[in-house]
Every structure is written in structure tokens, then in C-alpha cells.
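Reader: Before I rely on any label attached to this protein, I would like to see how each one was reached. Could we go through them together?

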Amino acid sequence: MKSELPHDHPTDDRPHRVYAALTNHCNRACPWCSTCSSPTGQTFLDRAALRRALPDGRYELQLEGGEPTVHPEFWGFVEDARADPALSHLVLCTNGVMLPRQADRLKAWLTRLGTPLTVKLSINHHLLDEDPGLLALASLCLEVLSSLGGTLILNVRLRRGIENDDARVLTAVTEAGLLPYANVFFLQRYGFASDEQSWDEPYLAGMKFSMVNPDGSVFGPDLVARSEAMRALPQLDLGLRKKKSAGFDLSANSTARKTLSLSLEGRPAEVYANANLSVYSAQVCNARCSFCVEELRPASRGKELSVQRTVESDDEVYFAALARTLTALAPLNPSVSVTGGEPSKDRRLPRILRTLQDFDARKRTVTTNGSGLLDVHEGRALIDWITVTGVRHLNISRAHPDHDRNAALMQLDEGLSLADLTEVVRRAKIGGTRVRLSCVLLEHAIHTVDDLCTYIDFAASVGVDNVIFRQLMKTDPTTVAANRVVKYSDRQRTALDPLLHRLTRDRRFTFQRQIVGYYYYVEVYRYGTTDVVFEEADLAHLEAEKRRAPSLIHELIFHPNAKLASTWQPWDGVLL
Ligand code: SF4
């Protein structure tokens, strides 16, 4: 290594420098990246968060990453910095992928960064392998920056003990005549290289700096703490996305990671610890969606809904059985959702909700097409029964923002008008219930990224900050009875995968997490202030998982006939 002081070394009179990682996303994938960044990183710094992290008085700002230039608001960060009279110097640290390669366009691009300016271009074995034109870009940057009064520094990083200390990297930089502009260092033992025992510990040349991570967290001069916090940021696992529920592993990646042994009135049962209890309303639905999941589930097992459906009509028998079920399941403490049929048209709903409240059932949810939420039962509108009994989540199905399109798609004449939906959301919010709009992805309705954005913006306009988009469920080809719902679903199903791949590159959506279930797969994103959930499910996986572990119960359904079963078919897996 060179013995003289490196370029851009700290000096006593240099102002405080802020190193701002605008994102942990990178369009390269250096295996030892010191900021734990890669193409799967999905966290992007907020401009206001950076403003909050700046020190009092004069400062220098280094925009880094991940790859800072892929941040959708990269130029906004530059404008903010240049508009701040306290900024004394701007530094951009980049892998160069996004930089124009023609002199005139590069000049315009670099001019837009303003002055005084330093550009640090990263050079290493991986970046040279991925981009044979990188050193030519470096030479061009040098020429253009010199004409603009800016400075170029090559951050040349070498792996000690690998490929002759990466001699070919140093040779390439030397042969390009760029060594005088390079800071050549061996990589250090932190970030993705934290296990490289023969590499040096990180070394600090100065202490007058702070670091900002893409989630807005701020660090003092502790490189390891900063990069470990970068490692902990959400990362999208593309392998898991590919496998989906085939990658479900109860002990390794489920939300609970364990089962519980229960005694259901003396009968032993092994139940997934985070199982949900669905109270399946006996009220027939007043919509006739061609994509109805209630009809799809029995059809997947070769039966029509009308054939399997029986109802306990005696209220006292029904509620005694519900109380018995909740008592038996108390040691499991399942989350409880009320679904249908159509719960909002069910005259029993207020009493069901009061019963769940009496049992202090966990994370109570009601799923509805919304049509009856303003109907008055027992002296109160249903939306008020929902809030007053402590329901946490209200899912309202809506296939399209436009009222008439939605009515046609769901074949629902009584759907909530826009004004009524807004009123429902308002009353829910005041009462502490979070509303989520649920939209199926249909080839002839909501099916593109722009459609998603329109739908989310519509949700926000009525006060909803939580939206779920569902791919139509796939059925079990070995048992399915191809009725109208199955045929429609196979015809109109919009595949979720291509949409997710587009979202991963769409900076309006920020990845939050993945959830893999025994027959479903979920990805969660943020879009502005809205939580956006994507879900797909495959009923063939559900049956396969049941065959693989026949005695393990994953979900619990209290059927309209007042019986508890471990499946959505009242004739299969009856427990109580
Ligand atoms: S070292 Fe730089 S270019 Fe390489 S993955 Fe990390 S941020 Fe990207």
C-alpha cells in the first residue's frame, strides 16, 4: 500500500462529516460489502430523516449506500444539500453503474451535483468483473471533473490473501494511469466480511464524523455497529419468493415456529401455536363474485358449497357451542376472525362480537363485503358494534375503486357508496378499529402496477392506510370440480410473481417483510404511508401439507352448523 496520507484524509480543520447511506439497495453484490448492501436491500432513507440527522454548524456530506444513485429521490437529496448554507462539501461515493458514459451527458450529470464536489468511484474485483468499462468511466470522470473543478478519488479495495491479494485489480488501475488518484486499501473485517478472520479490524483515521443509515438511525464513529445495523434492515429473500409455501418450514420460518399440545375436551390435539380461529358466519352472502373463495374451497375438494352447507338455526345451541369452542381453545389463545358468508348481514353478528369480547379473544378481525356495516341491529349500526366490542381489524372486500365497476365485479347491488365507505372508515378510526381494503387481482380489473397505485391512492382518499391485494387462489388439480368460480379464477387470475418483480424495482414501494405459510405466501410493502400486502395461496399445498402431517392442525373453523373443525369443510376434521 502507499505510505503517504490517503486522499480525502481527515484534518483538524475539516468540518464534521456526515456519511449518509441513502439505501441498502445496490445494483452490484460485492460479497464482502462493508455496509451489508445488495440487490435485496429495500430500505430507502427519507429526506426529512437526513435533515434531522445533520449537526449544528458547518458540515460535509457524503452520499453513499448501498448505491446512493438508485434512490428514487437521489437528486432531491442533492438539492437539499446544495440549498443548505451550512454544507461545506459534497462527496458522492458510487459504483458508477448509473453514471452516463458519454462525455457530454456525464458532464451534465456531474454539473448537476454542484460544487465543491468529490466523487469517489469504487473499484474492486467484483465491480471490474461486472463492468469491463469501469476504468474507462473512471478516466472520463477524471477528465470531466477536472474541467468542473471537482475531485475524483478511486476507492480501490483488495482482498488480502485472495488471488494474490487481488493483484490484477491493482495492475488494471496502474495500467489505466489512475493510481495517483486512488486510495488503495485492503478490505477490513466488518459488514459481510465480518467472518474473515485474517483480515484487519476496521481502522479509523479520525473521529469527527457521524453515520446515518437508510432507516434514519444515526451512529457515532463505530463502523461495526453501523454495518451490523445495516445487516438487520429488511432484506428480500428471492429464493423464498420463488419457493413460496413449498419453502414453509414450521420450525424455521413460520411466525410461531412451534406447535402446542392441547386437550380439546379430553381429546389430544397438536395445533400450530399461531393458528387462527375463523368464525364462519351462517349468513349467505348477498354478493355473487365470480371469484368467491367460499365457493372455491369446497370446489377444490370436488364439492359444491350448497351440498356441504348446513346451519344450526337455534341461537341458544349455536352460542353455547361457540362458548364451548372458545373455552376449549383458551390455552391456545388463537387470533379470531369473523368471516363468511356475509357477516355484516348476519343478525347474530353483534352477539358473536360480544361473545368474542367476553372471552377476550385475541386480535379480533371481521371480514366483509361491507354492505351491512351501516345496518342497525340491537340499537346500533354494525360498524359501531365492531368498534365497541374491540375488533382490531376490519377487512372490506372491494375489487375496484369505482363503485359501479366494483358492483359489477362482485355482483353486489348493496355495496357501500363512496360516502358510506368514508363514513365507515371514519367511525372505525375513531373507535380504534383499523380498516383494510381487500382487492383481488383480476386480468380485467386491477392487474398492473399503475392499477395498484390507483387503488392505494383511492384507499388513502377514503382514509384507509392498509390494503391487501390477493392473487386468486389456486385449486387442487387432483380433486377439483371445475365449477363457474374455478373456471373464472383460472381465466382471470393475474399472476402475482411478475408484479412483485416489478415492485422490487419500483421505488414507490419499500419492502418490509415476507411471510411464508403452509399454503400461502405474503410480501408486505410500504407505499407512502400505506401498508400494502400481497398474498397468494394454493389449496393444493394445503392438502399436500395435510397429507404430510395429518395430525397437525394449522387452522380452526367454527362452522355455521356450530361445529369446530380443522378444515373449511364441515365434514372433515371435526374437533368439537
Ligand atoms: S461495496 Fe458498494 S458496490 Fe459493492 S455491494 Fe456494497 S454498496 Fe454495492
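Author: A residue is near a molecule if one of its heavy atoms lies within 4 Å of it. The model is a predicted one, and in it the ligand is surrounded by Cys 26, Arg 28, Cys 30, Cys 33, Ser 37, Gly 66, Asn 95 and Leu 127.

Reader: How do the residues of the shell around the ligand divide into nonpolar, polar and charged?

Author: They come to 4 nonpolar, 3 polar and 1 charged. Cys and Leu count as nonpolar, Arg as charged, and the others, Gly among them, as polar, so Cys 26, Cys 30, Cys 33 and Leu 127 fall on the nonpolar side, while Arg 28 is charged.

Reader: Why is Val 574 called partly exposed?

Author: Its relative accessibility is 32%, and because buried means under 20% and exposed over 50%, with partly exposed in between, Val 574 counts as partly exposed.

Reader: Where does Val 574 lie, and which residues is Val 574 in contact with, leaving aside its neighbours within four places in sequence?

Author: Val 574 lies in the segment after strand 22 (564-565). With those neighbours left aside, Val 574 is in contact with Arg 267, Lys 563, Leu 564 and Ala 565, where contact means heavy atoms within 4.5 Å. For Leu 564, the C-alpha to C-alpha distance to Val 574 is 5.9 Å, although the two are 10 residues apart in sequence.

Reader: What makes up the lining of the largest cavity, and which element gives the largest share of it?

Author: The structure holds 3 cavities of 30 Å³ or more, and the largest has a volume of about 90 Å³. Its lining consists of Arg 297, Ser 300, Arg 301, Leu 539, Leu 542, Glu 543, Lys 546, Glu 555, Ser 566, Thr 567, Trp 568 and Gln 569. The elements that give two or more residues to this lining are helix 10 (293-300) and helix 20 (539-548), and helix 20 provides the largest share, 4 residues. By type, the lining residues divide into 3 nonpolar, 4 polar and 5 charged.

Reader: For the protein chain as a whole, what percentage of residues count as buried, and how many helices and strands are there?

Author: Of the 576 residues of the protein chain, 55% count as buried, that is, they have under 20% relative accessible area. The secondary structure of the chain comes to 20 helices and 22 strands.

How values were computed: Residues are numbered from 1 along each chain as its sequence is written. This is a predicted model: local features need pLDDT of at least 70, side-chain atom pairs count only at pLDDT 80 or more; totals for chains, interfaces and linings use all residues. Side-chain values use heavy atoms; hydrogens and water are left out. On a 1 Å grid over the protein atoms alone, a cavity is a set of points where a 1.4 Å probe fits but cannot get out, and a pocket is an open set with protein on both sides within 12 Å along at least five of seven lines; lining residues have an atom within 4 Å of a point. Grid points are joined across faces, edges and corners, and a volume is the space filled by probe spheres set on the points. Buried means under 20% relative accessible area, exposed over 50%, partly exposed in between (1.4 Å probe, protein chains only).
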